[in-house]
Amino acid sequence: MGIREFFYFQKSDRIVFLVALLVAVASLAVIFLVADRFSTTEEGEAADTLAAGGHAKAGQQYYAVETQATVLQPFDPNTADSTLLLSLGLQPYQVRSIYRYRAKGGAYSRPEDFARVYGLTAKKYEELLPYIRIAPEYRSAAEVYGQRRGTAAPRRRFSSDWPSYGRPDSRVPSVADSTHAHRDTVRFPVKIRQGEYVDLNTADTTMLKRVPRIASYFAREIVRYREQLGGYCHIGQLMEIANFPESALDYFTCKPTVTRRINVNQLSVEQMRKHPYLNFYQAKAIYDYRRLKGPLHSLQEMSLTGKFTSDDIERLAPYVEF
């Protein structure tokens, strides 16, 4: 609109237009003044933070970060607290990983076991290795109390064996002098050797703890997962247990057995989802299919729900019935 056309407006319209224009100009001026003042304040704060030794955070103002100097000192990863672990230069998430591992019954029986800490680099492990101290009670029971085959335990002498007129014969070693301590087979079960196996579907927790690298926690987890599944079909299913030690697989066998099956035509959504191989959406899809089209008759019908992959169907085959 040109200036000439402006004067063709009525007087009242011209006044309204001029007032709106003045308000717009005033608003823009206020916005620019506030933005300039805010920018100046932020720059001043950033400069003060940098002068104090802070670091920049991408897209935000600079902030100061407390850094803790690394102090290398002897430590036992089985008992060290978070303050000591952080002072060694470990990250907070690594300290949390160590605490979770210990809370589940895990123990570092050798310095090499500490290398499995999540996110620990080879450089950091080599730096800490000379300072790792494992207390005797955390060492492997088989290593501490194991006896070589063919070595007979010394015969204990009772008071009836001693001469009635003097002290025990010093030439015969007593129990305290024996080089083989009495084994506590409850707390420290004898571990099986390479070439010996434990059956997954019949072993109880006592037998499972005889497998190298398997202690009370994993023994309970194996039994618990066996009950949830309805029986193991192959030893590879053990790797579905969180943090299960892969090296222990060599000591297991899975003899053919009849698994416990669930009837997907009779169970509710909540009952079906309790099985490890069925999630909520899959259980709901089965329930909806039954409600709309009637009972299922095969695994192929289950795949028609659109919630199962071919791998899902293969895993479920030994555990469902119709």
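This is a working chat about a predicted model of one protein chain.

Me: What does the secondary structure of the protein chain come to?
Reply: The model is predicted, and the chain has 12 helices and four strands.

Me: How many residues, and what share of them is buried?
Reply: The chain has 322 residues, and 29% of them are buried.

Me: And the accessible surface, what does that come to?
Reply: About 22,200 Å², with carbon and sulfur atoms accounting for 55% of that area.

Me: Of the contacts with a separation of 6 or more, what percentage is between residues 24 or more positions apart?
Reply: Such pairs account for 50% of those contacts.

Me: Now the largest nonpolar core. Which residues touch the most other members?
Reply: Ile 222, Tyr 232, Leu 238, Phe 244 and Phe 252 do, in a core of 39 residues. The elements giving two or more residues to this core are α8 (216-229), α9 (269-272), α10 (280-293), α11 (299-303) and α12 (310-316).

Me: Which element gives the largest share of this core?
Reply: Helix α8, with six residues.

Me: What is Ile 222 in contact with, leaving aside neighbours within four places?
Reply: Ile 222 contacts Leu 200, Leu 208, Tyr 232, Leu 238, Ile 241, Phe 244 and Phe 252.

Me: Which residues does the second, separate core include?
Reply: That core has 16 residues, among them Phe 75, Ala 80, Leu 90 and Leu 120.

Me: Back to α8. What span should its 14 residues have, and how far apart are the ends?
Reply: At 1.5 Å a residue the helix should span 20 Å, and the end C-alpha atoms are 20 Å apart, so the two agree.

Me: Which residues of α8 are buried, and what do they pack against?
Reply: The buried ones are Tyr 217, Phe 218, Ala 219, Glu 221, Ile 222, Tyr 225, Arg 226 and Leu 229. They pack against α7 (205-208) and β2.

Me: Where does Thr 259 lie?
Reply: In the loop between β2 (252-253) and β3 (262-263).

Me: Buried or exposed?
Reply: Thr 259 is buried, because its relative accessible area is 12%, below the 20% cut-off.

Me: What does its side chain reach, and what else does Thr 259 touch?
Reply: The side chain of Thr 259 reaches the backbone oxygen of Pro 318 at 2.5 Å. Not counting residues up to four places away in sequence, Thr 259 touches Gly 230, Gly 231, Cys 233, Pro 318 and Tyr 319.

Me: Last one, Glu 126. Which helix, and buried or exposed?
Reply: Glu 126 is in helix α5 (residues 122-128). Glu 126 is exposed, because its relative accessible area is 56%, over the 50% cut-off.

Me: How far is its C-alpha atom from that of Ala 115?
Reply: The C-alpha atoms of Glu 126 and Ala 115 are separated by 9.1 Å, with the residues 11 apart along the chain.

Methods. Residues numbered from 1 in each chain as written. Predicted model: local features only at pLDDT ≥ 70, side-chain atom pairs only at ≥ 80, totals over all residues. Heavy atoms only, no water. Buried < 20%, exposed > 50% of the residue type's maximum accessible area, 1.4 Å probe, protein only. Polar contact = N/O pair within 3.5 Å; in protein donor to acceptor, adjacent residues only side chain to side chain. Contact = heavy atoms within 4.5 Å. Areas by Shrake-Rupley, 256 points an atom, 1.4 Å probe, with all protein chains shown as cover. Core = buried A, V, L, I, M, F, W, Y, C linked by side-chain atoms within 4.5 Å. Expected span 1.5 Å × (residues − 1).
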